[in-house]
2 protein chains.
Amino acid sequence: MDAFNLYKELGLGSRLARLSDILMREVQLVYDYAKIDFDPYLFPVFKMLIDKKVATTTQICEALCVSQPAVTQALQKLKKKGLIDFNNDKHDGRVKLISLSAHGKKILPELKVLWKVIEDEVKPLTYKKTESLIVHLQHFEIQLKKEKISDRIINKYQKIMSQKTEIIPFESKYAKDFKDLNIAWLEKYFVVEPHDSELLNACEETIINKGGFIFFARIDEKIAGTFSLIKVSDTSYELGKMAVDPEFQGRKIGQKLMEFCIEFAKKQKWDHLLLYSNTKLENAIHIYKKYGFREIKQEEEVPYLRSNIKMKLKL
Amino acid sequence: MDAFNLYKELGLGSRLARLSDILMREVQLVYDYAKIDFDPYLFPVFKMLIDKKVATTTQICEALCVSQPAVTQALQKLKKKGLIDFNNDKHDGRVKLISLSAHGKKILPELKVLWKVIEDEVKPLTYKKTESLIVHLQHFEIQLKKEKISDRIINKYQKIMSQKTEIIPFESKYAKDFKDLNIAWLEKYFVVEPHDSELLNACEETIINKGGFIFFARIDEKIAGTFSLIKVSDTSYELGKMAVDPEFQGRKIGQKLMEFCIEFAKKQKWDHLLLYSNTKLENAIHIYKKYGFREIKQEEEVPYLRSNIKMKLKL
DNA sequence: AGTGAATATATAAGTGCTTATGTAAATATA
DNA sequence: TATATTTACATAAGCACTTATATATTCACT
């Protein structure tokens, strides 16, 4: 028996509170399961910092419509968890500039994977054909209880995390995936240059038939990422066109592709790999360095306008 | 700016909590304004006690889906406010039987007036054509902020409380109101006896034309209550058919009618008033006593089956 | 330039929920 | 019939919010 249905508008405040409690507790279970040190109540503040990069306490208060002490306390908690950094504003000694810490940025991909699962699982419960908020809440509550939402989320997450990433060589039927992944990536960070279009529209001719290679990361029959190796000489190849579908980000696909790439290059007895990138892509550069790439002098005539750094890995 | 809209499902928990907070605070302002010592969070427990008459802590926990300490604490608060009584269960020494106190019952009508206003004002904000709970909540939030809901409720309450109750004599056009009010009342507590139908269907002939009187409480052009004085002898009249529209309950209309009635009877130089009632109607009996009616012996042949008490007021 | 008001954040205390635990009575079990 | 388990409620402590207030810095104004 659930007496709230009878109380309608007057019980609305209590009902919202109770639903919030249930949902928060369920999501907490999910973070605990995933061994991520994060609390659901921190989400709005943290998400705002992700989107805004830098914010002040007051800005967060206004955006989230909560009291200033609530934000201060949430920030202290996030700081304690090592997820954010505080900096002083040079122009105003009162102001505290808040941003994600290195650790915060590091666990972001992992968090995003989990968030996507949560969103995917919660969303279907929030749709119902009714004009009444009370009925909507009642429906949501029933759905929440029917099968513990945390169990559903954990199952889905587990399934996703246990999916194997296969790395497969180029086939003509994947040409479109190659193009789409790269264009999505380019449009997000730069623009599609003529040189790109040319390459992407006819990758088989421009890369494969000229002695290059293209590989794909396949997860559960879906193409999740790609990279190519363009022939420069018999023992020198350019690593490029590395792209991961945002849907699959946070699952270390980039790293898996990189590891495969280096392994492959070694087997081919190549001398070295080259790549062109942009210092703006801090995370990418960081990974390249991690796998042994070192910056070298860039030639005058760069093949891409966006490139401002050239790197080399001696195999 | 309100960042929650961007966060959708993931911010849902926080959003529900925040909405609950806002609503609770707003309603608290209303109770404070009305000088009623009550808190919105107590509503579910208190309402359950109103409906169930008696309940145990465990029963309330189960019905409201909250933890046992939450209920215990709410009960302690209600007890402190004098709204409820605790009694021991004769059959089980562990169990605490909880029911409304005399004071709780007393302020109930007043509370109900306020609750009706709150419900009337909140309800329109909870309707929106959308299938998405998120959109629904967003809409509700905007509505809440647009004009402070507490202001709206207080204005409406003030308006209702300042409406004057006029007491007006019988006119033929009110015959239907007289019948409807009485039938509604009878059906709620007893059954409509043949004697009632007769009287109510032709009140003009059976009451007015036989030297009796019917009066109405009129509020804002609407008939809110009624009572009749049936002639027994030149100096003895029977007070009866007193009924108040549930919509107007809690506004002391019964008492106003009673005061008018006694005043009127005195002016007429009658010797006394009589009435038939039922001890089941504790509140009514209480009011009769308050206005000076005393129990007298009931004749063998009672005019109403439901009557088990006869009372008399010496004017 | 000096002083009061305004602003940004921190701290303290209160509130209503939670979980964990305590206590007493009733029930099950041997 | 004695003992263990279960049940009903109370109490304690923690948590995330609130309001009230303190503190430090900047702004506005004469």
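Q: What makes up the surface near DNA strand C by class in this predicted model?
A: The surface near DNA strand C has seven nonpolar, nine polar and six charged residues.

Q: Which element gives the largest share of the surface near DNA strand C?
A: That share, four residues, comes from H5(B).

Q: Why is H2(A) called roughly parallel to H8(A)?
A: H2(A) and H8(A), the latter spanning residues 149-162, pack at an angle of about 30 degrees, with their axes 8 Å apart. Angles under 35 degrees count as roughly parallel, and therefore H2(A) is roughly parallel to H8(A). The crossing of these two helices is right-handed. On one side of the contact are A:Glu26, A:Leu29, A:Val30 and A:Tyr33 of H2(A), which meet A:Ile149, A:Ser150, A:Ile153 and A:Ile154 of H8(A); by class, this contact has six nonpolar, one polar and one charged residues.

Q: How do you know that E4(A) and E4(B) pair, and in which sense?
A: Pairing requires at least two bridges between the strands, and E4 of chain A (residues 127-132) and E4(B) are joined over three bridges in the antiparallel sense, so they pair. Within this pairing, A:Thr130 stands opposite B:Thr130.

Q: Which element of chain B gives the most to the side that touches chain A?
A: 46 residues of chain B are in contact with 46 residues of chain A, and H2(B) gives the most to this side of chain B, with eleven residues. By class, that side has 28 nonpolar, seven polar and eleven charged residues.

Technical notes:
Residues numbered from 1 in each chain as written. Chains lettered and ligands numbered in written order. Predicted model: local features only at pLDDT ≥ 70, side-chain atom pairs only at ≥ 80, totals over all residues. Nonpolar A, V, L, I, M, F, W, Y, C, P; charged D, E, K, R; others polar. Axes fitted to C-alpha atoms, helices over the stretch in contact; angles between N-to-C directions. Parallel < 35°, antiparallel > 145°, perpendicular 65-115°, else oblique. Left-handed = near helix turned anticlockwise from the far one by under 90°. Contact = placed C-beta atoms within 7 Å.
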